[in-house]
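Visitor: I would like to go through this model with you, one point at a time. Please show it first.

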Amino acid sequence: MSTTLLLPRLGETMEQGRVVAWLKKPGESFLRGEIIVEIETDKTVVELPAMADGVLRSIVAEVGTDVDVGAPLGEFDPVGAEREVPPHKLDATPVSAPVAPAIAPAETKATAAPLVATRDQSTPLRATPNARRLARQHDIDLSSVIGTGRRARIQGDDVHAAIGGGTNNASGGALSMLDVPAGRIAFREWVGELHDEAPLVLLHGFAGDSSAWAVLANELRRTGRRVIAPDLPSHGATDFNQSDPGSMAATLQAFVESLHLPAIELVGHSLGGVVATRLAATLGSRVKRLTLLAPAGLGSEIDSDFIEGMACVAKGGGLAHLLKRIALNPPPLSAQQLDQMARVIHDRGALRALADAFISGGRQQVDISAELSSLKLDVRIVWGLDDQIIPWRHATQAGPGIPVFFLPHAGHMTQWDQPQKVAALFA
């Protein structure tokens, strides 16, 4: 027998809420604690979790509907009814390398969320009431703003940044430029409240840029950390190209020196993991810890079609198809944003040479295992169990003594799929 899901009172003065997004569709199952629906009150956006296991049967209040407290939102079958979408057990092959316990139990696989979302498409735009008010006041199209809140929700600081009011001591992430011998490096900075003697330096992966760290960086900033994320050569707004990780590492060394950072904590994702490993070998004891997120260079297998496709992408539609492979819960991007990103990559044309140096015959041509084994510092690896770009089993090649954190419900971009769990590693 179905049970009615009612809108609870989510604040002392709340009398009504608006449905912002349904995270489950009719027929989909959920576990206790999973978020089912997002409700906007007069003060904030609240995620409504399931209080028991069940299957969503129907939606009564569609997205955009104003609902009174105590009124029905939908109908669900509580646990005990036959599930149409049973949890999927992960059949993981035992690994020989010593690994740390997984951050969360790997019992269920999340359903991949659609990447492309515009205001008039099926994936709703998520924004706080304050962000919506600011956007109306300044005539800002929210579909053009990338949200840095949880589940890519647009916050007031994101709108301030879009209208030119964002500063590094607010939400951070404003783009700056720094001169190094090879040219000018673009970078973003997020400054927390703590006096951080060893700020985090984040190095993005192939075809990315510093903005890919925005959600994780804001999570880290809220814990007090200072975060610095450069655009690697051949990427983003950095105005010169380089086609091998060794040259990039030398450039990043000059970048760190120019910022006068006596100590740093390095984080590298994918190709950025190769650069970060070689930079750590050069900087030595100045690197307090090296964290690698799904790094390249630990095995030969890779989704070479993704690399080739990103290097030659020309249209937003093609970019959207490629980006669906890298995360289960990516930040939503409008068609306009996708077209702009594809146009920048295509017009610059710098990724082709980097792809040729990185991949040959569909195989990786870089190896960081020897460098990792020689490092005299704290090293750890984080890998999503749903990674479609580089197999998580490559973590077993990292060498003895390097802990590995496997994240369920995360693809290649763990910083998008599980930003809070990744940020918790740096607390």
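Visitor: In which strand does phenylalanine 30 lie?

Guide: This is a predicted model, with twelve helices and 18 strands in the protein. The strand that holds phenylalanine 30 covers residues 29-30 and is S3.

Visitor: Is phenylalanine 30 buried or exposed?

Guide: A residue counts as buried under 20% relative accessible area. Phenylalanine 30 has a relative accessible area of 3%, so phenylalanine 30 is buried.

Visitor: What distance separates the C-alpha atoms of phenylalanine 30 and valine 55?

Guide: Along the chain, phenylalanine 30 and valine 55 are 25 residues apart.

Visitor: Are helices H6 and H9 roughly parallel or antiparallel to each other?

Guide: H6 (residues 304-312) and H9 (residues 351-358) have axes 8 Å apart and pack at an angle of about 160°. Angles over 145 degrees count as roughly antiparallel. H6 and H9 are therefore roughly antiparallel.

Visitor: How many charged residues are in the contact of H6 with H9?

Guide: From H6 come Ile307, Glu308, Met310, Ala311 and Cys312, which meet Leu351, Arg352, Ala355 and Phe358 in H9. The residues of this contact divide into seven nonpolar, no polar and, as charged residues, two.

Visitor: Is histidine 260 buried or exposed?

Guide: Histidine 260 lies in the loop between helix H4 and strand S13, and its phi is near 55°. Over 50% relative accessible area counts as exposed. The value for histidine 260 is 68%, so histidine 260 is exposed.

Visitor: What is the phi of alanine 294, and what is its relative accessible area?

Guide: Most residues other than glycine have a negative phi. Alanine 294, in the loop between strand S14 and H6, has a positive phi, near 45°. Tryptophan 383 is in contact with residues including Ala294 and Pro295. Alanine 294 is buried, with a relative accessible area of 1%.

How values were computed
Residues are numbered from 1 along each chain as its sequence is written. This is a predicted model: local features need pLDDT of at least 70, side-chain atom pairs count only at pLDDT 80 or more; totals for chains, interfaces and linings use all residues. Side-chain values use heavy atoms; hydrogens and water are left out. Contact means heavy atoms within 4.5 Å. Axes are lines fitted to C-alpha atoms, for helices over the stretch in contact, and angles run from 0 to 180 degrees between N-to-C directions. Helices (H or I, at least four residues) and strands (E, at least two) are DSSP runs, numbered from the N terminus. Angles under 35 degrees count as roughly parallel, over 145 as roughly antiparallel, 65 to 115 as roughly perpendicular and the rest as oblique. Ala, Val, Leu, Ile, Met, Phe, Trp, Tyr, Cys and Pro count as nonpolar, Asp, Glu, Lys and Arg as charged, and the others, Gly among them, as polar. Buried means under 20% relative accessible area, exposed over 50%, partly exposed in between (1.4 Å probe, protein chains only). Lists of a residue's contacts leave out its neighbours within four places in sequence.
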